[in-house]
Amino acid sequence: ADEQVSLQEPVVGFIGGSAVLPCSSKEPLHTIQDINQVRWRINNSQNVYEIIKGKVSVEGQDPEYRNRAESFPEEYLRGNFSIKLNNLQHTDAGKYQCYIIEESVLWSVQLLIEERPERQLPNEGTKPKPEMIVMFISILCIGIIFSLVNSATAYF
């Protein structure tokens, strides 16, 4: 009988961003060899990530996740088999399952993908700020006044 751990809160990621999907064993491990197999799948089908005998196995990995999924090897002994998905796409949304074969524990987590909020658009920084415009105009005015004053004094 598999033990199911379903996370109530979905993980939310933004297009182009990254998200961490949590998964951990009940017991901390003694050696890296204790990890026979940890398997991450999405929607019960595609193979997202696999850890076999403490090493990442990309053999059966779905090409869609190649070079985009990573784990935290230094955390394995603490029983942490969470993965991080980078450069998120709309197609990454779905139900992820992490199966820790030793313990027959199945973690499920829902990943939601959203567009970045409007106000965080990168081109925001290229527009001149109002203060800068005011400053520029005042410097311009002072410059004009000075040149007027100078040309006026030149006549006397």
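Strands are DSSP runs labelled E of at least two residues, numbered from the N terminus.

**Figure 1. Strand β4 holds Val 38.** The model shown here and in the other views is predicted. Val 38 is buried, because its relative accessible area is 0%. Leaving out residues up to four places away in sequence, Val 38 touches Tyr 49, Glu 50, Ile 51, Phe 81, Cys 98, Tyr 99 and Ile 100. Gly 54 is 16 residues from Val 38 in sequence, and their C-alpha atoms are 8.9 Å apart in space.

**Figure 2. The protein chain has 10 strands and 1 helix.** Along the sequence, the elements of the protein chain follow the pattern β-β-β-β-β-β-β-β-β-β-α. The protein chain has 156 residues, of which 31% are buried. Among contacts in the protein chain with a separation of 6 or more, 58% are between residues 24 or more positions apart. The protein chain exposes about 10,200 Å², and 59% of this area is supplied by carbon and sulfur atoms.

**Figure 3. The largest nonpolar core contains 27 residues.** Leu 21, Trp 40, Val 48, Phe 81, Leu 85, Tyr 96 and Leu 111 have the most contacts inside this core. Two or more residues of the core come from each of β3 (19-21), β4 (37-42), β5 (46-52), β8, β9 and β10 (105-114). The largest share, 5 residues, is given by β10. Leu 85 touches Gly 17, Ser 18, Ala 19, Leu 21, Val 48, Tyr 65, Arg 68, Ala 69, Tyr 96 and Leu 111, with residues up to four places away in sequence not counted.

**Figure 4. Asp 92 sits in the loop between β8 (83-85) and β9 (94-100).** Asp 92 counts as buried because its relative accessibility is 0%. A polar contact of 2.8 Å joins the side chain of Asp 92 to the side chain of Arg 68. When neighbours within four places in sequence are left aside, Asp 92 is in contact with Ile 42, Tyr 65, Arg 68, Asn 87, Leu 111 and Ile 113.

**Figure 5. A nonpolar surface patch covers about 590 Å².** The patch is made by Ile 133, Phe 136, Ile 137, Leu 140, Ile 144 and Leu 148. One of these residues, Leu 140, is found in helix α1, which spans residues 130-155. Leu 140 has a relative accessible area of 47%, so this residue is partly exposed.

Notes: Residues are numbered from 1 along each chain as its sequence is written. This is a predicted model: local features need pLDDT of at least 70, side-chain atom pairs count only at pLDDT 80 or more; totals for chains, interfaces and linings use all residues. Side-chain values use heavy atoms; hydrogens and water are left out. Helices (H or I, at least four residues) and strands (E, at least two) are DSSP runs, numbered from the N terminus. Buried means under 20% relative accessible area, exposed over 50%, partly exposed in between (1.4 Å probe, protein chains only). A polar contact is a pair of N or O atoms within 3.5 Å; within protein, one must be able to donate a hydrogen and the other to accept it, and residues adjacent in sequence count only if both atoms are side-chain atoms. Contact means heavy atoms within 4.5 Å. Patches are made of residues with over 30% relative accessible area and no salt bridge: like charges are joined within 9 Å, nonpolar side chains (Val, Leu, Ile, Met, Phe, Trp, Tyr) within 5 Å. Accessible areas come from the Shrake-Rupley method with a 1.4 Å probe; for residues, only the protein chains shown count as cover. A salt bridge is a side-chain nitrogen of Lys or Arg within 4 Å of a carboxyl oxygen of Asp or Glu. A nonpolar core is a set of buried Ala, Val, Leu, Ile, Met, Phe, Trp, Tyr and Cys residues joined through side-chain atoms within 4.5 Å.
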